[in-house]
Amino acid sequence: MSLHLYDTGTRTVRPFEPLEEGRVGMYVCGATPQAAPHIGHLRSGVIYDVLLRWLRRSGYEVTFVRNITDVDDKIIAVAAERGVPWFAVAEANQRVFARGYDLLGCLPPTVEPRATGHVPEMIVLIRRLIEAGHAYAAGGDVYFDVASWADRYGALSNQRLDNMRPAGDTPNEDAKRDPRDFALWKGAKPGEPSWETPWGEGRPGWHLECSAMATKYLGPEFDIHGGGVDLIFPHHENELAQSRAAGDGFARYWLHNGLLTVDGVKMSKSVGNVVTLNDLLDRARPAEVRYYLASAHYRSLMDYTDAALAEAVSAYQRIEGFVTRAAEIVGAGDPDGELPEAFTAAMNDDLGVPQALAVLHETVRDGNSALASGDEAEVTRRLAQVRAMAAALGLDPLAEPWTAAGGGDDLRPVVDALVKVALEQRQAARARKDYAAADEIRDGLTAAGIVVEDTPHGPRWELKRS
């Protein structure tokens with residue numbers, strides 16, 4: 001089966017047919033960095049990285065755009081509360097987002113545009129909407145006229161205009177023709193950033209930013225627009241309305257990932273249950289965290305618990321253990337080999353990662369059986385399959401940024417060198433039949449969390465993980 005994706009716009013799983021054969025344009029709503037990323041942001045980053053990898057593995061040349069909303073009401077509010085410039089808040093938090101994506105093995109986007117760098121494109125889009133009769137200036141702001149798009153507004157979120165509440169996105173609600181009209185441009189206020197426009201100084205509305213950036217880099221019509229389900233309304237609904245009203249085809253497929261709770265409760269600062277990347281790294285390595293965040297289906301609601309993370313850690317280590325042992329015996333092989341048909345079918349069925357992981361673990365079990373029986377030809381075959389599947393998910397233990405048995409630990413090369421010296425001393429003690437000294441070295445390594453396994457090919461070690 002060819003790739004099929006669930007399209008929020010049609011509410012169906014349908015065949016993926018790109019606008020241009022062999023090429024894909026994909027836009028994903030990135031961070032609004034008013035604070036450091038939490039586990040929900042990181043899950044979204046991993047999900048769309050898996051999609052990017054699968055599209056490329058399927059032979060597509062992908063232009064991947066992930067924006068940064070670096071000017072926003074929330075950023076301005078945080079800056080005012082701290083008494084620092086708004087851009088300092090955005091920049092500091094964006095660096096933390098970037099570090100988190102890198103640590104979890106997410107490939108960089110083709111381009112990562114910032115909203116503040118695309119005000120000219122936003123002004124052009126506003127002018128097009130005003131000239132087409134879909135927007136108007138009032139009270140220093142510019143608004144999208146939802147009544148002018150009434151028969152199509154609400155299609156993405158499956159709502160009727162009559163049932164929608166006021167937008168409530170500016171303090172100038174009385175200036176609107178309709179309380180449901182949303183702001184394209186917000187008039188300047190004391191102490192806030194602003195840019196000059198034909199309609200007065202001000203700053204862009206959130207929805208306008210993404211329409212301008214998406215079409216600048218991907219053209220007036222492109223293939224995939226992604227983001228969390230919480231963005232369907234109003235953000236994506238408004239993006240779609242203003243873009244189509246201006247005459248752009250805009251996104252052909254809308255993908256939305258499910259949200260994440262913690263022990264069944266929505267994350268909130270007031271509740272005190274916000275889980276950050278550092279919290280996760282206290283419990284697992286980056287590769288194990290990535291495995292956990294990728295393991296559920298992207299459209300499902302995911303509930304974080306320490307027990308669920310621990311299960312994911314064990315699951316990843318089973319993959320890692322087989323790959324490491326097999327590579328020591330038959331060599332690393334090629335991570336770009338042929339994928340099992342069942343794995344490909346699962347991934348092509350709306351990115352069915354849980355089913356794909358089931359195929360991967362079944363192959364690991366077969367590989368371990370081959371190791372136990374000494375069938376090196378079968379070990380070679382299974383290793384190639386496991387590495388190919390893991391690579392498609394960004395989880396190959398022998399690929400960057402992971403290392404076998406290290407899984408992203410920065411100190412792995414240092415530990416490796418020190419353990420190698422200890423094992424050489426242990427081998428020397430055994431050679432001279434000083435078994436007490438050999439056992440003492442092994443016990444010392446065990447106490448330090450180093451598990452030593454004697455194999456026909458010599459001793460091997462790995463870090464003991466709780």
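Visitor: Where is the place of K433?

Guide: This is a predicted model, and in it K433 is placed in the loop between α13 and α14 (435-447). The phi angle of K433 is near 65°, a positive value in a residue other than glycine.

Visitor: Is K433 buried or exposed?

Guide: A residue counts as exposed when its relative accessible area is over 50%. K433 has a relative accessible area of 63%, so this residue is exposed.

Visitor: What is phi of D350, and where does D350 lie?

Guide: Phi of D350 is near 55°, again a positive value in a residue other than glycine. D350 belongs to the loop between α10 (341-348) and α11 (353-373). Buried means under 20% relative accessible area; D350 has 2%, and therefore is buried.

Visitor: How does one describe the arrangement of strands, and which strands pair with β7?

Guide: In a regular strand the side chains alternate between the two faces of the sheet. Turning to the case here, strand β6 (residues 141-144) pairs with β7 in the antiparallel sense, over 3 bridges. Within this pairing, W185 in β7 is the bridge partner of V142. Strand β8 (residues 202-204) also pairs with β7 in the antiparallel sense, over 3 bridges. There, G187 has G202 in β8 as its bridge partner.

Visitor: How many residues of strand β7 are buried?

Guide: Strand β7 (residues 182-187) has 6 of its 6 residues buried, so this strand is largely enclosed by the rest of the structure.

Visitor: At what angle do the axes of helices α2 and α3 cross?

Guide: The axes of helix α2 (residues 73-82) and helix α3 (residues 86-103) cross at roughly 110° and come within 8 Å. Angles of 65 to 115 degrees count as roughly perpendicular, which means that α2 is roughly perpendicular to α3.

Visitor: Which residues of α2 and α3 meet?

Guide: From α2, the residues I75, I76, V78, A79 and R82 take part; they meet W86, V89 and A90 of α3. The residues of this contact comprise 7 nonpolar, no polar and 1 charged.

Key. Residues numbered from 1 in each chain as written. Predicted model: local features only at pLDDT ≥ 70, side-chain atom pairs only at ≥ 80, totals over all residues. Heavy atoms only, no water. Axes fitted to C-alpha atoms, helices over the stretch in contact; angles between N-to-C directions. Helix = DSSP H or I, 4+ residues; strand = E, 2+ residues; numbered from the N terminus. Parallel < 35°, antiparallel > 145°, perpendicular 65-115°, else oblique. Contact = heavy atoms within 4.5 Å. Nonpolar A, V, L, I, M, F, W, Y, C, P; charged D, E, K, R; others polar. Buried < 20%, exposed > 50% of the residue type's maximum accessible area, 1.4 Å probe, protein only. Pairing = 2+ DSSP bridges.
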